[in-house]
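Trainee: I would like to learn how to read a structure like this one. Please take me through it feature by feature.

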Amino acid sequence: MNASSTTSTPAAPDLLAQEFVAFAVQAGVLRFGEFKTKAGRLSPYFFNAGLFDDGAKLGRLVQFYAQRLIASGLQFDMIFGPAYKGITLAAALSVELARLGHNKPYAYNRKEAKDHGEGGSLVGAPVRGRVLIIDDVISAGTSVRESIAMIAAAGATPCGVTIALDRQEKAVENGVESPKSAVQYVSEELQLPVIAIAGLADLLEYLRTTSDSEVTAHAAAVQAYRDRYGV
């Protein structure tokens, strides 16, 4: 038996994911240091999508979402953005998809139902058909579950979730560490595909290959975090 038949070929890097990670670092959205997560962990990196805070950065962000979604082949009729970050993301993605020839309506929810005017908690296009939920990350799946309930109550069908970054780490439920990540929970328990632009594995690949020595200095800490909490 020759060597080529016994040696597996490493998977090629996901070029779109690598480009996105580089963009997030350069934009100051993906930062390194010591940050406390919602789960109480000390993370060596922090992703804050709220810092895609001008037209150029937001426009570039939704280009990545659109490319990933189109490549996935997922069929959907409209976009739903849960308040608050999802509102801007849904609107911006709708604009980008229209620019690419895929015009999709969008809607979002209010945190508190309006009791005057048109009333209700949903704003935007009527929630119908197959609905794609957009958010920045999935931390505990709470926002997704709430979105599913609102979409179902409107008589529509949630068909998938798209996020910017999958942290690929074990979720924490009521203080107990789960063997699954929040994304895996949504995929397996809620039966919804999750389409992420990039994940923690892509971040590690970037840290190993970038020429920026200040960034590569954080590779060991990020790898250790994944070894401890990763899925």
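Trainee: How are helix 2 and helix 3 oriented to each other?

Mentor: Some ground rules come before the reply. The model is predicted, so local features need pLDDT of at least 70 and side-chain atom pairs count only at pLDDT 80 or more, while totals for chains, interfaces and linings use all residues. Residues are numbered from 1 along each chain as its sequence is written, and side-chain values use heavy atoms, with hydrogens and water left out.

Mentor: Now the general idea. Two packed helices are described by the angle between their axes and the distance between the axes. Axes are lines fitted to C-alpha atoms, for helices over the stretch in contact, and angles run from 0 to 180 degrees between N-to-C directions. Helices (H or I, at least four residues) and strands (E, at least two) are DSSP runs, numbered from the N terminus. Angles under 35 degrees count as roughly parallel, over 145 as roughly antiparallel, 65 to 115 as roughly perpendicular and the rest as oblique.

Mentor: In this case, the axes of helix 2 (residues 55-72) and helix 3 (residues 85-99) cross at roughly 65° and come within 9 Å. Helix 2 and helix 3 are therefore roughly perpendicular to each other. Their crossing is right-handed; a crossing is left-handed if the near helix is turned anticlockwise from the far one by less than a right angle, and right-handed if clockwise.

Trainee: Which residues make the contact between helix 2 and helix 3?

Mentor: Contact means heavy atoms within 4.5 Å. Helix 2 contributes residues including Leu58, Leu61, Tyr65 and Leu69, and helix 3 contributes residues including Leu89, Ala92, Leu93 and Glu96. By class, this contact of helix 2 with helix 3 has 11 nonpolar, 2 polar and 2 charged residues. Here Ala, Val, Leu, Ile, Met, Phe, Trp, Tyr, Cys and Pro count as nonpolar, Asp, Glu, Lys and Arg as charged, and the others, Gly among them, as polar.

Trainee: At what angle do the axes of helix 6 and helix 8 cross?

Mentor: The axes of helix 6 (residues 200-209) and helix 8 cross at roughly 155° and come within 10 Å. That makes helix 6 roughly antiparallel to helix 8. The crossing of these two is left-handed. Among the residues in the contact are Leu203, Leu204 and Leu207 of helix 6, with Val222 and Arg226 of helix 8.

Trainee: How does helix 1 lie relative to helix 6?

Mentor: The axes of helix 1 and helix 6 cross at roughly 75° and come within 9 Å. That makes helix 1 roughly perpendicular to helix 6. Ala17, Gln18, Val21, Ala22 and Val25 in helix 1 are in contact with Asp202, Leu203, Glu205, Tyr206 and Thr209 in helix 6. This contact of helix 1 with helix 6 has 6 nonpolar, 2 polar and 2 charged residues.

Trainee: How many residues does the largest nonpolar core have?

Mentor: In soluble globular proteins, nonpolar side chains tend to be buried together. A nonpolar core is a set of buried Ala, Val, Leu, Ile, Met, Phe, Trp, Tyr and Cys residues joined through side-chain atoms within 4.5 Å. Buried means under 20% relative accessible area, exposed over 50%, and partly exposed in between (1.4 Å probe, protein chains only).

Mentor: The largest core has 50 residues, and Phe20 and Phe47 have the most contacts inside it. Helix 1 (residues 15-26) gives the most to this core, with 8 residues. Beyond four places in sequence, phenylalanine 20 touches residues including Phe47, Phe52, Leu61 and Ile197. A second, separate core of 18 residues includes Ala107 and Met150.

Trainee: Is serine 147 buried or exposed?

Mentor: Serine 147 is buried, with a relative accessible area of 0%. This residue is in helix 4 (residues 142-153). Apart from neighbours within four places in sequence, serine 147 is in contact with Phe80, Pro82 and Ile133.

Trainee: Where is histidine 218?

Mentor: Histidine 218 is in the loop between helix 7 (213-216) and helix 8 (219-229). At a relative accessible area of 26%, histidine 218 is partly exposed. The C-alpha atoms of histidine 218 and tyrosine 45 are separated by 8.6 Å, although the two are 173 residues apart along the chain.

Trainee: Which residues does a cis peptide bond join?

Mentor: That bond joins alanine 83 and tyrosine 84, with omega about 5°. Tyrosine 84 is in the loop between strand 3 (78-81) and helix 3.
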